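Here are a few notes to read alongside the model. Take them in order, with the structure open beside you.

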Amino acid sequence: MAVSVVVVDRNLRPGVGPILKGFWVTFKNFVESAFLGKAATIQYPEQKRQVSSRYRGIHILTQREDGTPKCVACYMCATVCPAECIYIEAGERPEKTIEKYPTRFEIDLLRCVYCGFCVDACPEEAIIMSGENNLVGTSREELLIDRDRLMARSELVEHEAGYRPVDHDVRRPVRIAALERLRDEHGIVPGMPQGSGARRQR
Amino acid sequence: MPKCTIDGKQIEVAAGTTVIQAAELLGIHIPHFCWHPDLPVDGNCRMCLVEIEKMPKLQIACNTQVTDGMVVQTESPKAAEAHRTTLEFLLVNHPIDCPVCDQAGECYLQDNYMAHGLHESKVELEDKVRKRKVVDLGPIMLDAERCVLCSRCLRFEKEVTGTNSFEFVNRGDNTQISTFENRPITHEYAGNLADVCPVGALLSHDFRFKMRVWFLKSHESVCPGCSTGCNLFVDERDGEVQRLRPRRNPDVNKSWLCDPGRALYHAIGSQTRVTGARVKGAVWEGVSLADAAQRVAAALKEAAGASAFLASPQASNEDLFAFRALAEAAGGRLDFRVGSPEARLRERLDNVLQRADRNPNTQGCLDLGLGRDGVGAILAACAAGQLKALVLQGPELLRVPEAADALAKVPLVVVMATHEGPELERASVVLPAAVWAEAEGTFTNYQRRVQRFRGAVPPPGDARARWELAAAVLEAFGRPLGATSARELFVRVAAAHADYAGLDYRALAGSGRVLPGAGSGVAGSAQEARA
């Protein structure tokens, strides 16, 4: 079997051309960003970048008209949270129609993965997200934020609201359709004992 | 014995068995609300309709007895349609406030809706009939809007406690359950009302808003509150017990649990637990468990038989066995009867569950032969200054004021204690003991039924099961116990006592095992029958 040999010419002569070409790119970008205002960078933190309206930044707890939290402490967000960063303690409200509210509601922002599942799970649109992404602190405790800070953060005012449920409807027919599909096509009935799920598979 | 076919599976059942019971035996779950295994059949919710061949109409499975050759379809199109429409009716005026309802996660309405309903409500939320909410009935909270009028609570009050607190009031859409003038429930079995309620209409005040049930892990256990030995679940999250819940055992407690028993969990995570060993010199000095065991063993060796051992009927059979091994190694006197609990072992406090002996394992103490020398004789020896060491498995004796003088004459009083208290000042060595929910073991109840309980949460600090404390002292004494787990110890118990022959933890699974023969001491067949 013949062996083919590739001969590499190592005797390259350094040309001025490619160097000038490189300098030209640098020069062009310098002129564009310094004089023509086409810079890709911004002067953070004086300048802030505009984020998408669905941006998943630091959470906000929404309020009722009387300033109390909309949250009813149902623990749906804490249940769905993959990072287990939400801690809630529930208390009793005098209004019989609301009954329950969070006496403690804490999010460990350092543990949070900003997936937005809490917003999806919330039946009351009580937890939404903001465009705020400036997560700076000098201690861990500082970034474990409590109910009152989640409800009223002055620094959140300047940021637009981020991810939040669109067209909120407690009955969510889409979800029911999804459940039916799950049941009919895969025989899975969430929340039921094993027996009935297996029976449906038959 | 009639034979029937349910969903294609054949089963032979005892005469008088209903279709729903036969289906449960086959592992087929028929949806229901009003049927409860320990309450009389009412048949009012109409959720358990099934199709039975050769019967013109659908039948309710809870009140139809199995006959020979019966062929039942639980999920035929006709039956499934009936389940769906029944559920739609039951949910017509339901407030759908699952987010704030403590029943969520163990609610029959939720479960049945996911399995059989999945319909969209035809009634707008605003048009629903409003009823009373957040009615405080003492240990129970009533929310009439969530009620499905299954009458389980009415039947419980009528058949089990005989108090008849609940009644239906008003008619039609406005029917709701109520107590007379909204008076609170006063009997000691109120917690069961929250358990029998299939929905969130009756909820426990104690558990209110405390925890969502899906976070809880359940551990099989036995109540240590009295000699009845009710089976229960310890529901815990992250090592913190949140509630106790009855575990069905038809031969002991059916599906019930008394309120004093339910409240026992408060003592587990209490701030007053003994978390480390300590020794009294001029002042109390905290020491390690091994250190304390060394000192106790040294003192017992020095006492050379001039010692006494007092077991506790609060301890498990395993604890008692290890304690007896310690007493025998030291050659001391041995008893357990502080205040003669064995006399009240079978005495009932009411007609439901509670018994006068507030110890879970008095019968176990008798069976394992711990009542040997008499507490009176031991105290007399203490008073005469004959004893150099006294080892207590529980603080019972320290609480008896008359014993204080006698105890003061003993140079070394060792006590295994779970909770701090003024009585511990009378001891000279305190060993931290785990409570029942933190250890594994068995209790023998008034029927001589040996029942197993499992550890649910870790003990605080240095606290250990009482048998481990005894084992540590035995080790230091140079007579190691030779068992490293409660399971091994129980095998030793079974080998040492004829009544326990052949028993191990596997044999005790489920509802426990009744020991054969008449018991030692007060156990007699006549008393057995009356109990």
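How many of the 202 residues of chain A, in percent, count as buried?

1. The share is 32%, where buried means under 20% relative accessible area with a 1.4 Å probe, protein chains only. Keep in mind that this is a predicted model, in which local features need pLDDT of at least 70, side-chain atom pairs count only at pLDDT 80 or more, and totals for chains, interfaces and linings use all residues. Residues are numbered from 1 along each chain as its sequence is written, chains are lettered from A in the order in which they are written, and side-chain values use heavy atoms, without hydrogens and water.

2. On to the fold: chain A has seven helices and five strands, taken as DSSP runs (helices H or I, at least four residues; strands E, at least two). Starting at the N terminus, the order in chain A is α-β-α-β-β-α-β-β-α-α-α-α.

3. Now the partner. In chain A, 28 residues are in contact with 29 residues of chain B, contact being heavy atoms within 4.5 Å.

4. Between the two chains you'll find three salt bridges, each a side-chain nitrogen of Lys or Arg within 4 Å of a carboxyl oxygen of Asp or Glu. Glu92(A) and Arg208(B) meet in a salt bridge at 2.6 Å, N to O. On the side of chain A that touches chain B, α2 (76-80), β2 (86-92), α6 (173-186) and α7 (194-201) each supply at least two residues.

Technical notes:
Buried means under 20% relative accessible area, exposed over 50%, partly exposed in between (1.4 Å probe, protein chains only).
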